[in-house]
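Hi,

Here is the model I said I would pass on. Have a look at it first, and my notes follow below.

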Amino acid sequence: MWDQVCNERLQKRADDNLAYIREILLKDMVEGGSGLTIFANTQQSAITILDTCVKHSSKSKYNATNSIQLGRSQLCITPYGRRLYSDLLGRIEGAWVRKGTLESDLAQTDSAQNPELNALLQNQLQETIRILDKFALQLAKFGLAPNGMPALQEDVAAYFMHKYGQRQLYAAVLGPLEDQWQKKLSWEQALNAKLAYKHPEYRAKAENCLRQAIQQLPDLAKKLAEFGPPPDGVSGPQGDLAAYVERRPWLGSPIRQFFARLLFWKKQTAA
């Protein structure tokens, strides 16, 4: 790792190795547009590398990956989502233990006799609580736990539910609605694309997927409306989705709405 380069000799060796890789081993690939970078074993370095990959992903002749849309309700059922959830639990529990240790140390410290130590422990406790709340908020935004995954236990669970329980429940109803709304928009866009006009089979598939998305939206919107206003500090649905919820679509027929839209698109196509 480049974070282990700690003197001039190692720096020269690392630079020489990088030059050899770039100019000899991977020369053809680099000249063909491939990128070569270094990893400093830090979060910022990893983010920089990922950003660079995204920026240059469309410049090569063949893309190694395709862009996909993965909503929160879908994320939780993927291996990555389950690992992310487990990692958040571990970080929260670790911060909770650290918080308890610092509070115990503070209780045994005489602030009058040892003000420096007391101030140090106070600062460490505040930083630990900040970290604890940061990860707890991320867990709340994640929504409900994936099936089969453990939950927070005992005191830390009570702390989380008291501060972030409502946020978690709100995310659990808002996330699926936002995901389904995005699906609807994506399939509407697909139906307006040239591919849908040229290939009847693809158009039929797109119409079927759009119908399924529209059918599910009213019930999801109803669940969000029944939840009530979002908790303090949490944003509700935005833009067209907010207007859709305000219209209370669960009182109408989603099938009728779908065929009305479909008739409109067919009229546009005929024109």
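Helix 6 (residues 115-142) packs against helix 7 (residues 154-191) at an angle of about 30 degrees, and their axes lie 8 Å apart. That makes helix 6 roughly parallel to helix 7, a label for angles under 35 degrees. Axes here are lines fitted to C-alpha atoms over the stretch in contact, with angles running from 0 to 180 degrees between N-to-C directions. The crossing of helix 6 past helix 7 is right-handed, meaning that the near helix is turned clockwise from the far one by less than a right angle.

Before the rest, a note on the source: this is a predicted model, where local features need pLDDT of at least 70 and side-chain atom pairs count only at pLDDT 80 or more, while totals for chains, interfaces and linings use all residues. Residues are numbered from 1 along each chain as its sequence is written, and side-chain values use heavy atoms, with hydrogens and water left out.

On the helix 6 side, the residues in contact (heavy atoms within 4.5 Å) include Ile129, Leu132, Ala136 and Lys141. Their partners in helix 7 include Tyr159, Phe160, Arg167 and Ala171. By class, this contact has 10 nonpolar, one polar and four charged residues.

As for the whole protein, there are 11 helices and zero strands, both taken as DSSP runs (H or I, at least four residues, for helices; E, at least two, for strands). Of the 271 residues, 28% count as buried, that is, under 20% relative accessible area with a 1.4 Å probe.

Happy to hear your thoughts!

Methods
Parallel < 35°, antiparallel > 145°, perpendicular 65-115°, else oblique. Nonpolar A, V, L, I, M, F, W, Y, C, P; charged D, E, K, R; others polar. Buried < 20%, exposed > 50% of the residue type's maximum accessible area, 1.4 Å probe, protein only.
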